[in-house]
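Here are my notes on the model you sent. Please read them with the coordinates open.

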Amino acid sequence: METTNIAQNPRAGLPLSLARLGELSQNLWWSWTLEARQLFETIDPTLWFLTQHNPVKLLADVKPERLARLAEDPSYLRQYSAVIKLFDQYLANGHSWFSTQHAASLKETIAYFSAEFGLHTSIPIYSGGLGILAGDHCKEASDLGVPLVGIGFMYPQGYFRQRISAEGWQEAAYAAFNRAESPIHPALTPSGEPCRIAVEIGGRTVAAVVWKVQVGRVPLYLIDTDVPENTPEHRALSARLYGGDQEMRLCQEILLGIGGVRVLRNLGIAPSVWHANEGHSAFLTLERLREFMQAGTSHAEASEIVRQSTVFTTHTPVPAGHDVFPHHLMDKYFSGFWDQIGLSREEFLGLGETPESRGQGFNMTALVMRLSAHLNGVSREHGRVSRQMWQHFWPGLPVEQVPIRSITNGIHAPTWISPDLHRLYSKSLSPMWAESCDDPAMWQRVADIPDHELWAVRQTMKRKLMGFIRERVRSGWMQGMLHPSQVLARGTLLDPEALTIGFARRFATYKRATLLFADLDRLKRLLHDQWRPVQLIFAGKAHPADEPGRYFIHEVMSYCQDHKLGGQVAFLEDYEMHMAKYLVQGVDIWLNTPRFPMEASGTSGMKAALNGALHFSVLDGWWQEGYNGANGWGIQPLADGDVDVQDRHDADQLYRLLEQEVVPLYYQRDIDGIPRGWLQLVKESIRTVAPVFCTKRMVKDYVEMLYTPAMARTPTIW
Ligand SMILES: *Cc1c(COP(=O)(O)O)cnc(C)c1O
């Protein structure tokens with residue numbers, strides 16, 4: 001695997017003694033390394049804040065005099081040398097977990113395909129959970145030394161930015177983002193040429209360039225069709241994430257799957273494992289079949305090799321989450337292709353068939369299920385649901401034996417931990433706590449953290465959230481973009497002393513953002529208790545085409561703007577990673593109310609728990625296995641009943657637990673003003689959640705359960 005760190009575009013004008021700041025800003029390693037973050041922050045704390053923690057932009061905007069002064073500041077130079085040393089040691093990859101545990105496989109490469117990657121807010125090529133998971137997977141692969149490369153899209157306009165109108169409606173705005181302000185560079189072939197590919201789409205050749213983002217030791221390659229020789233419509237193919245209609249989506253998936261394989265070939269990378277993160281990249285299996293058959297392998301043999309070396313992760317039990325393309329579109333884009341893989345039209349269309357879609361469409365999940373021998377869902381419950389969903393692929397096999405395993409999602413702890421708590425963990429657990437994140441024994445020591453220290457840090461984190469909210473509103477207000485009522489609806493009246501509940505996620509209706517408002521009088525009694533007030537913070541985007549989701553946002557906005565609710569319900573505009581960090585770090589309770597069993601896993605609650613917030617959720621997804629009765633709160637879903645009955649039941653449980661347990665416990669203080677009982681739960685939550693629901697545990701599982709078996713290639717056919 002490549003571990004180049006070419007001093008890409010070092011900023012002209014960096015003082016010699018700080019010359020490698022440019023290189024450091026171009027490798028996202030800085031983003032999860034506290035010392036490196038501080039190194040940039042120290043340059044100019046105000047610019048750091050204004051650039052939303054973007055060192056590339058900071059270095060471009062900082063005054064040269066300031067850099068010149070730092071270049072002669074002995075204490076800054078010491079800090080600089082220490083970070084550069086850490087960086088070099090990290091890149092040298094000497095003692096990584098993978099190099100010691102799987103030394104024999106060090107020469108292998110795992111290609112990880114995903115339609116979105118959530119790495120940092122300065123690279124807006126993700127929409128939500130799927131992308132964040134992919135980003136965290138790459139960061140952890142880098143930390144563990146796993147030889148992985150990522151393949152995805154550039155999306156010159158990224159995902160949409162959310163604006164909420166004065167009337168409370170979500171509006172979607174797209175704007176080209178400035179690559180010069182992000183750590184993105186042309187990917188080069190082994191001979192030093194810019195990497196380019198061509199893919200035939202609907203009878204025309206579409207050209208694409210390839211960009212590279214360096215994620216620690218892991219390179220990520222991003223396809224971009226915005227090149228002059230393409231037609232305007234093809235130039236726009238990769239412009240936006242989830243932006244077009246079904247046909248556009250099909251073309252994007254052809255580019256990702258088929259084009260992605262060609263990118264790797266062009267770069268001289270020969271993966272032994274091909275991981276499709278969700279079905280969007282499933283066509284990679286077809287391109288590999290084509291390659292083998294062109295080289296003279298039989299269809300049966302080629303299929304078996306592809307199967308044995310392909311890993312597939314499914315991410316949702318919601319049918320709309322699985323792409324199904326109508327046959328007339330498949331005819332338009334694949335006639336001519338099926339001959340190349342030795343299939344008739346009927347056989348080809350059969351690859352994408354399910355009992356439900358028979359004759360009606362080509363299901364991408366079905367395709368990759370047929371051509372992958374290493375399958376998993378993303379939580380225990382989701383594994384179980386997926387085995388049921390896909391049981392018909394293995395006729396006669398009892399459902400427990402259906403070969404879809406489960407690897408529960410996790411989060412990359414160094415990315416999501418608050419700096420304040422990071423320091424407390426370093427002091428109380430171990431200076432290397434993040435490296436041992438999956439070690440339950442280390443987390444036992446959480447019990448020894450003095451309550452008053454933990455409480456003080458938690459209060460600081462909460463004040464930082466309130467400050468973040470206020471400054472965002474102030475900046476919108478000063479740009480003349482907000483009506484006075486919007487200023488009040490966006491959290492400026494929040495009180496850092498009050499019990500604060502956060503609810504931030506995609507506004508898909510199954511996530512039921514409005515469940516808390518099911519009984520408005522009961523909710524008002526909770527919010528406006530003068531001695532024990534409660535406040536709510538909402539954030540999240542609805543897909544622009546999701547009308548019911550947009551109505552949910554509008555409904556929540558109507559409560560935020562209702563003066564009778566006193567500004568104690570707030571909606572924060574344009575949820576993304578940067579805001580997510582403040583939210584998961586600053587609230588007291590992280591609420592999740594999906595309709596069972598629709599939440600495959602969820603990860604935001606893990607981020608909250610790592611940061612000492614308590615998770616309160618329907619027992620679905622990861623929480624079904626994470627909840628132990630003493631580390632947060634759970635709502636036991638009804639096994640059956642229609643959705644109205646379920647909603648009423650879940651809302652009633654939610655209110656009851658808030659009234660009887662959550663609020664009293666939070667406000668039960670000792671003589672020093674410390675909520676001892678609450679902190680007991682916080683510590684239990686950190687102790688039990690952190691070691692299990694982290695990517696260190698998760699990526700090790702991927703290596704051991706799926707990647708290593710796929711490398712072994714034990715074909716059953718020959
Ligand atoms: C973590 C995260 C998500 C995923 O959270 P869920 O629990 O799956 O809802 C989505 N968006 C952002 C910005 C995140 O940070």
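1. Basis. This is a predicted model, in which local features need pLDDT of at least 70, side-chain atom pairs count only at pLDDT 80 or more, and totals for chains, interfaces and linings use all residues. Numbering starts from 1 along each chain as its sequence is written, and side-chain values use heavy atoms, with hydrogens and water left out.

2. The annotated lysine. An unreviewed UniProt entry lists Lys 607 as "modified residue: N6-(pyridoxal phosphate)lysine"; UniProt positions follow the numbering used here, feature names are shortened, and annotations may be inferred rather than shown by experiment. Lys 607 sits in helix H26 (residues 604–610); helices (H or I, at least four residues) and strands (E, at least two) are DSSP runs numbered from the N terminus. Its relative accessible area is 5%, so Lys 607 is buried (under 20%; exposed is over 50%, partly exposed in between; 1.4 Å probe, protein chains only). Leaving aside residues up to four places away in sequence, Lys 607 touches Ile 132, Ile 411, Trp 416 and Val 584 (heavy atoms within 4.5 Å).

3. Ligand shell. The ligand is surrounded by 14 residues, the closest being Trp 416, Ala 580, Thr 603, Ser 604 and Lys 607 (a heavy atom within 4 Å). The shell comprises 5 nonpolar, 5 polar and 4 charged residues; Ala, Val, Leu, Ile, Met, Phe, Trp, Tyr, Cys and Pro count as nonpolar, Asp, Glu, Lys and Arg as charged, and the others, Gly among them, as polar.

4. Distances to ligand oxygen. For Thr 603, a backbone N or O atom lies 3.0 Å from an oxygen atom of the ligand. Polar side-chain atoms of Ser 604 and of Lys 607 each lie 2.6 Å from a ligand oxygen atom. On its own the ligand has 390 Å² of accessible area, of which the protein covers 94% (Shrake-Rupley method, 1.4 Å probe). Helix H8 (129–144), helix H25 (577–586) and H26 are the elements giving two or more residues to the shell.

5. UniProt places "domain: DUF3417" (unreviewed entry) at residues 14–123. That span is 54% helix and 4% strand, and its end C-alpha atoms lie 24 Å apart.

6. Backbone points to check. Phe 596 and Pro 597 are joined by a cis peptide bond, with omega about -5 degrees; Pro 597 is in the loop between strand S18 (589–592) and H26. Arg 512, not a glycine, has a positive phi near 50 degrees. Arg 512 lies between strand S15 (499–504) and helix H23 (520–527), in a loop, and counts as buried at 3% relative accessibility.

Terms used: Polar contact = N/O pair within 3.5 Å; in protein donor to acceptor, adjacent residues only side chain to side chain.
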